[in-house]
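This note sets out some points for a colleague who is new to the structure shown below. Please read them with the sequence and the model at hand.

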Amino acid sequence: MSEIAQEAWRKYLIQLQVHPLRTKAITAGCLAGCSDLIAQKISGVKRIQLRRLLLIMLYGFAYSGPFGHFLHKVMDIIFRGKKGSKTVAKKVLLEQMTSSPWNNFFFMMYYGLVVEGRPWGLVRSKVRKDYPSVQLTAWRFWPIVGWINYQYMPLQFRVLFHSFVASCWAIFLNLKARSSVAIKAA
């Protein structure tokens with residue numbers, strides 16, 4: 001690793017220790033923005049939609065990063081002092097039964113209502129139609145991520161790891177959200 005990258009990582013780790021919530025929120029916002037840029041490019045957008053990009057970054061900064069920060073703190077409290085594969089499995093199961101459905105539902109609502117500015121009735125019917133398949137796909141993908149996160153990541157890196165993987169997941173959700181808009185516009 002170059003000296004510049006090492007120094008940047010060192011400063012990031014200091015910020016993570018001194019200001020964990022702020023650092024995780026900023027990190028989640030930046031990663032959400034990167035995922036949206038990629039999703040826009042993949043979907044064939046000619047000009048980057050800056051408003052959309054900023055609203056996705058706001059979602060990462062104001063919701064995703066803080067939610068992850070507190071989720072992992074609560075998990076640590078619930079399972080305080082417990083280690084091993086059984087505990088990891090319980091954490092993954094609890095996360096998949098609570099925060100996973102909520103986060104996917106919330107993102108789909110936010111995307112439709114805030115990012116795209118669609119009316120409530122249209123967003124509600126879109127979520128009713130697409131949510132089950134999104135959540136079933138999530139339950140195939142996220143338990144593996146959760147297992148890796150709880151088994152191998154130290155507490156201070158869990159939101160960073162989760163945010164990085166979530167940026168890939170958000171590309172999927174963005175493309176899923178846009179696919180029916182593109183079909184209706186055609």
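1. On a 1 Å grid over the protein atoms alone, a cavity is a set of points where a 1.4 Å probe fits but cannot get out, whereas a pocket is an open set with protein on both sides within 12 Å along at least five of seven lines; lining residues have an atom within 4 Å of a point. Grid points are joined across faces, edges and corners, and a volume is the space filled by probe spheres set on the points.

2. Basis of the values. The model is predicted, and local features need pLDDT of at least 70, side-chain atom pairs count only at pLDDT 80 or more, and totals for chains, interfaces and linings use all residues. Residues are numbered from 1 along each chain as its sequence is written, and side-chain values use heavy atoms, with hydrogens and water left out.

3. The largest cavity. Two cavities of 30 Å³ or more are present, and the volume of the largest is about 470 Å³. Its lining comprises 29 residues, with Tyr59, Ser64, Asn103, His162 and Ala166 nearest the centre. Helices are DSSP runs (H or I, at least four residues) numbered from the N terminus. At least two lining residues come from each of α2 (20–42), α3 (50–78), α4 (85–97), α5 (99–115) and α7 (155–185); α3 gives the most, with nine.

4. The lining of the largest cavity has 15 nonpolar, 13 polar and one charged residues. Here Ala, Val, Leu, Ile, Met, Phe, Trp, Tyr, Cys and Pro count as nonpolar, Asp, Glu, Lys and Arg as charged, and the others, Gly among them, as polar.

5. The largest pocket. The largest pocket holds about 220 Å³ of space. Of its 13 lining residues, Lys82, Lys83, Lys91, Tyr150 and Arg158 lie nearest the centre. Two or more lining residues come from each of α4 and α6 (120–152), and α4 gives the most, with three. The pocket lining divides into six charged, four polar and three nonpolar residues.

6. Ser100. This residue lies in helix α5. Ser100 is buried at 9% relative accessibility, where buried means under 20% relative accessible area, exposed over 50%, and partly exposed in between (1.4 Å probe, protein chains only). Beyond its neighbours within four places in sequence, Ser100 is in contact (heavy atoms within 4.5 Å) with Glu95, Gln135, Ala138 and Trp139.

7. Cysteines. Taking a disulfide as a pair of cysteine sulfur atoms within 2.5 Å, the count is zero. The sulfur of Cys30 has its closest cysteine sulfur in Cys34, 6.9 Å away, which is too far for a bond. Cys30 is partly exposed at 40% relative accessible area, and Cys34 is partly exposed at 41%.
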